[in-house]
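Look at the charged side chains in this predicted model.

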Amino acid sequence: MLPRIADSPSFLYLDMVRVVQDDTGVCAQIKTDEHRTDTVYIPTAALTCLLLGPGVSITTRALSTLARHGTSVVCTGAGGVRASAGILPDSLTTHWLEQQVTAWTDPQQRLTTATRMYEMRFGDDTVPDGTTLAQLRGMEGQHMKALYTLLAQQHGIGRFRRNYHPDQWQHQDPVNLALSAANTCLYGIIHAAVLALGCSPALGFVHTGKQHAFVYDIADLYKAETTLPVAFSLHQSSNPEQQARRKFREELRLIRLLPRIVHDIQALLAPGTSDERPERQDVRLVHLWDPKTGTLPAGVNYAPDGG
């Protein structure tokens, strides 16, 4: 029985290793010298997200095990390049995906959901009735600018400007490097939670046009209290990317982020509904859609008698 995503460890970062599947499980092999190779086993069944850094190779058998356990895999390298491998366990129902699609396809519901996201970030009383999406974006810009200024003042930094362009990676300051590294970890964790609920990472309500639009939507709910403080605290770091990953993971243990992600996604897509629904269910039969009854059992011959 796989653990619930809300109860899983957050993420594991690897670099300069070979990830393989042996008779016991998935492990990382580290060659220490010509005659010795150390082996570290990876808890794939409980792990939310596996981040593969530069110098990692992985076998197809290991990837198959990660897919079977529903672990999100994120490839990250120099220059801020990242690519997520979406893994969907076959035991998922489509309940939350249907809720997401229903809200996404209706323009009014989509705007309502986007407004709900901003209210989660900035407080229920900050979004007046009738606010347009363009006005919401303007409000977000003002809030983030004020937050950048506050954090810069707290850490004795001059004016801060966000820069996340991969082609300018080598010229970025420690805060931008740390923020990009921490955000990559956050995206991987949220990507895993989105998939564990059976939602589509691509159907965003604020972001659009990317396969991870919904991931970016949800990530924005938590950056102000997670990745941004971590990044600004490392403004004098000589290795901001590595330290950002480590410090971000330590902070996650304190705030218990994964249960919040699951609860917030459910609250956004279906306000007022219970969050007691399990994230994974054993679904042994696929159903057929029917416009009158909703669903019909599969595996039945519906041809008219004598046809």
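A search of the whole structure of this predicted model turns up 4 salt bridges. Side chains of opposite charge can pair when their charged atoms come close.

Start with Arg 36. Its salt bridge partner is Asp 38, and the closest N and O atoms lie 2.9 Å apart. Asp 38 has a relative accessibility of 27%, so Asp 38 counts as partly exposed.

Next comes Arg 121. Its side chain meets that of Glu 140 in a salt bridge, at 2.8 Å from N to O. This pair links distant parts of the chain. Arg 121 belongs to helix 3 (residues 107-122), while Glu 140 belongs to helix 4 (residues 133-154). The two are 19 residues apart. Are they buried or exposed? Both Arg 121 and Glu 140 are buried.

Now move to Asp 220. It forms a salt bridge with Lys 223, with 3.3 Å between the closest N and O atoms. Asp 220 is buried, and Lys 223 is buried as well.

Finally, turn to Arg 245 in helix 8, which spans residues 240-255. Arg 245 is buried, yet it has no salt bridge. Which side chain of opposite charge is nearest to Arg 245? That is Asp 15, 5.0 Å away. What does Arg 245 touch? Leaving aside residues up to four places away in sequence, Arg 245 touches Phe 11, Tyr 13 and Cys 185.

How values were computed
Residues numbered from 1 in each chain as written. Predicted model: local features only at pLDDT ≥ 70, side-chain atom pairs only at ≥ 80, totals over all residues. Heavy atoms only, no water. Helix = DSSP H or I, 4+ residues; strand = E, 2+ residues; numbered from the N terminus. Buried < 20%, exposed > 50% of the residue type's maximum accessible area, 1.4 Å probe, protein only. Lys, Arg positive; Asp, Glu negative; His and termini not counted. Contact = heavy atoms within 4.5 Å.
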